[in-house]
Amino acid sequence: MRESGKLTITDENLYLASRAISAFLALIFSIVYSRSLGPENRGILGAVFLFVLLFSQFLCGGFNLTFRTSASKWNPEDYVWKFLKLSSLLSCLVAIVGTISIYLYSQSRGGLATNYLTMSFFYFLVTVLSDQLTQIMLALLQFNIIWKVEIAIISIQILLYLFFTHTGQISVGIAVLLSFTFSYTLVIGWYLKFLLVTKRYVRL
């Protein structure tokens, strides 16, 4: 908690502010890279984003709701590990189903390059797993960490996109997926370090 005069700034307030800031930057970012995508790549990339949202909500939505409502009644060292194991399985399932769906969708549009399918698989995997880890951090009320990660994510995504597109070696669509995948992989690493090493909520 931080105090400025009579105004008290809590970590929860900073988390909400970081969500708003990251959402605004993400909107600007999406406008920038969308202008560089052709109609075909824009459609494929839009399908990737749509499928990860649909399948993650369908497979993980009810599970996450139960976790959030019951978390306060359980021992963190027990429920975090159980939630993490099931979340890993669900993330793999979303990645498999999502990649198959993208493949089937792309067939109606003339096919899709193998590297696009590969990147889509890893994007599905790390996006869902990082979101599940965020659910854990929220349940543990670690807002002081989450708001910093929120700002770091979008910043890293923009910087990586600029780097990948500057090299000119890969397409814009792959550059977008790479920047997202790498940033979410970092989030997974940061949160797992906190859970396994810093607080030892997870016992291996």
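The legends below describe close-up views of a predicted model.

**View 1. The packing of helix 1 against helix 5.** Two packed helices are described by the angle between their axes and the distance between the axes. Here helix 1, which covers residues 11-34, packs with helix 5, residues 143-167, at an angle of about 15°, and their axes lie 8 Å apart. Because angles under 35 degrees count as roughly parallel, helix 1 is described as roughly parallel to helix 5. The crossing in which helix 1 passes helix 5 is left-handed.

**View 2. The residues that form the contact of helix 1 with helix 5.** On the side of helix 1, the contact is made by residues including Leu 14, Tyr 15, Ser 18, Ile 21, Leu 25 and Phe 29, while helix 5 contributes, among them, Phe 143, Ile 146, Trp 147, Ile 151, Ile 154 and Tyr 161. Divided by class, this contact has 14 nonpolar, 4 polar and 4 charged residues.

**View 3. The largest pocket and the residues nearest its centre.** The largest pocket holds about 920 Å³ of space and is lined by 33 residues, of which Arg 19, Thr 127, Asp 131, Glu 150 and Tyr 184 lie nearest its centre. Arg 19 of helix 1 and Glu 150 of helix 5 also take part in the contact between these two helices.

**View 4. The elements and residue classes in the lining of the largest pocket.** Two or more residues of the lining come from each of helix 1, helix 2 (39-70), helix 4 (114-139), helix 5 and helix 6 (172-198), and helix 4 gives the most, with 9 residues. By class, the lining divides into 19 nonpolar, 11 polar and 3 charged residues.

Note on methods:
Residues numbered from 1 in each chain as written. Predicted model: local features only at pLDDT ≥ 70, side-chain atom pairs only at ≥ 80, totals over all residues. Heavy atoms only, no water. Axes fitted to C-alpha atoms, helices over the stretch in contact; angles between N-to-C directions. Helix = DSSP H or I, 4+ residues; strand = E, 2+ residues; numbered from the N terminus. Parallel < 35°, antiparallel > 145°, perpendicular 65-115°, else oblique. Left-handed = near helix turned anticlockwise from the far one by under 90°. Contact = heavy atoms within 4.5 Å. Nonpolar A, V, L, I, M, F, W, Y, C, P; charged D, E, K, R; others polar. 1 Å grid on protein atoms, 1.4 Å probe; cavity = no way out; pocket = protein on both sides within 12 Å on 5 of 7 lines; lining within 4 Å. Points joined across faces, edges and corners; volume = space filled by probe spheres on them.
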